[in-house]
Amino acid sequence: MALRVHRAVERWPIRGSFTIARGRRAVAETVVVTLRDAAGNSGRGEAVPYGRYGETPASVLAALDAVTPALAEGAGRDALMSLMPAGAARAAADAALWDLEAHRTGRPVWSLASLPEPQPVATARTVSLDTPDAMAASARALARDGAPLVKLKLGRPTDDADRLRAVRAAAPGARLVADVNEGWQAADLARLGPVCAEVGLELLEQPLPAGADARIAAPVPLCADESLHGHDPFDALPPGYGAVNLKLDKAGGLTRALALADTAAARGLDLFLGCMVATSLALAPALLLAHRARWVDLDGAWLLSRDRAPGLRYSGSVVAPAAPGLWGDG
């Protein structure tokens with residue numbers, strides 16, 4: 001059945017701003033794909049262009065334009081794996097195809113994919129990169145809110161030790177993980193690794209640049225993010241990592257993410273389920289994988305000043321599936 005394909009760039013204001021080692025943003029730019037068939041069924045998918053790999057809203061739109069004829073003629077999710085590389089364009093199209101099938105069949109995506117029905121799950125709450133005092137204030141507010149898992153952004157090695165200690169002092173009872181976004185060098189990791197252990201950090205994500213981590217080691221468990229990339233990402237993964245961060249925007253959609261989660265489990269790697277700062281439409285497919293993850297970080301929609309409606313339901317640090325009408329409910 002022929003499909004009509006629509007794609008658009010949307011801009012969603014971020015609450016305050018969001019800062020990582022690579023820069024600061026006040027707006028989340030997402031790309032939304034909508035598919036409609038002649039019977040009136042439709043499917044939507046959203047993804048965030050991944051600037052780390054050169055993606056922009058314009059490049060994602062161009063990638064979608066290149067496959068629009070194939071989608072219009074009925075190319076499915078399996079065909080997308082060969083038609084498109086991993087990335088935001090494929091992630092958005094893949095999600096739209098899952099949503100369309102759910103509406104056509106009347107079955108939710110979790111059932112179509114032979115997955116358990118998604119349940120409410122505790123998510124990490126993110127503390128954006130800032131001064132140690134500002135990050136401590138954010139962590140203190142999260143601790144008062146009962147956040148069980150706090151994820152702090154690092155990447156300025158001169159005073160990252162101060163950030164780690166300040167956040168720990170502000171949230172003494174919280175589990176802590178940290179994401180460096182490739183912002184350290186080997187000497188920084190050697191110096192700051194003991195501080196990570198001192199504050200009880202249970203996971204350190206991507207401290208070194210991808211390609212500079214062949215002999216990575218630290219006194220706390222390490223998680224790969226940017227180093228898990230490419231067509232066969234596990235083949236080039238350095239052995240020092242015990243966990244991997246799986247983001248649908250980077251993996252190229254739920255279809256590929258399901259296979260990557262299987263590979264991670266087969267290799268004995270823990271799964272950190274991550275997301276970009278985006279609306280609930282982008283996060284809803286990821287929620288289907290939460291039961292497989294040791295750490296869940298799906299607060300991307302919570303970081304916005306407003307979300308689409310209906311959206312995922314946030315109650316403190318618990319995120320729950322949306323009311324019908326968001327994505328994938330058949």
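Analyst: Let's settle one term before we start: a residue is buried when its relative accessible area is under 20%, exposed when that area is over 50%, and partly exposed in between. Please also keep in mind that this is a predicted model.

Now to the rings. Any pair of aromatic rings can be described by how far apart the centres are and by the angle of the planes. The structure contains two such pairs. One of them joins Tyr 50 and Tyr 53, whose centres are 5.2 Å apart and whose planes make an angle of 40 degrees, a tilted arrangement.

Phe 272 belongs to strand E11 (residues 270-273) and Trp 295 to strand E12 (residues 295-296), so the pair ties together parts that lie 23 residues apart in sequence. Both Phe 272 and Trp 295 are buried.

What about the other strands? E1 (residues 3-20) and E2 (residues 23-37) run antiparallel and are joined by 14 bridges. Two residues separate E1 from E2, and together these strands form a hairpin. Within that pairing, Arg 11 is found opposite Glu 29 of E2.

Further along there is an open, antiparallel sheet of three strands, in the order E4-E14-E13. Its edges are E4 (121-122) and E13 (313-315), each of which pairs on one side only. Two bridges hold E4 and E14 together in the antiparallel sense, and Ala 122 faces Val 318 of E14 across that pairing.

With a relative accessibility of 21%, Ala 322 counts as partly exposed, because it does not fall under the cut-off for buried. Beyond its neighbours within four places in sequence, Ala 322 touches Gly 311, Leu 312 and Arg 313. Gly 311 is eleven residues away along the chain, yet its C-alpha atom is 5.2 Å from that of Ala 322.

Turning to the helices, H3 (residues 88-105) and H9 (residues 254-266) have axes that come within 8 Å and cross at roughly 100 degrees. H3 and H9 are therefore roughly perpendicular to each other. From H3, Arg 90, Asp 94 and Trp 98 make the contact, while H9 supplies Leu 254, Thr 255 and Arg 256.

Helix H6 (residues 160-170) brings us back to the term we began with. H6 is mostly covered, with eight of its eleven residues buried. Among the buried residues of H6 are the charged-side members Asp 160, Arg 163 and Arg 168, and the list also includes Leu 164 and Val 167. The neighbours that the buried residues of H6 pack against are helix H5 (132-144), strand E6 (149-153), strand E7 (175-179) and helix H7 (186-198).

How values were computed. Residues numbered from 1 in each chain as written. Predicted model: local features only at pLDDT ≥ 70, side-chain atom pairs only at ≥ 80, totals over all residues. Heavy atoms only, no water. Pairing = 2+ DSSP bridges. Helix = DSSP H or I, 4+ residues; strand = E, 2+ residues; numbered from the N terminus. Buried < 20%, exposed > 50% of the residue type's maximum accessible area, 1.4 Å probe, protein only. Contact = heavy atoms within 4.5 Å. Axes fitted to C-alpha atoms, helices over the stretch in contact; angles between N-to-C directions. Parallel < 35°, antiparallel > 145°, perpendicular 65-115°, else oblique. Phe/Tyr/Trp six-rings, centres within 6.5 Å; stacked < 30°, edge-to-face > 60°.
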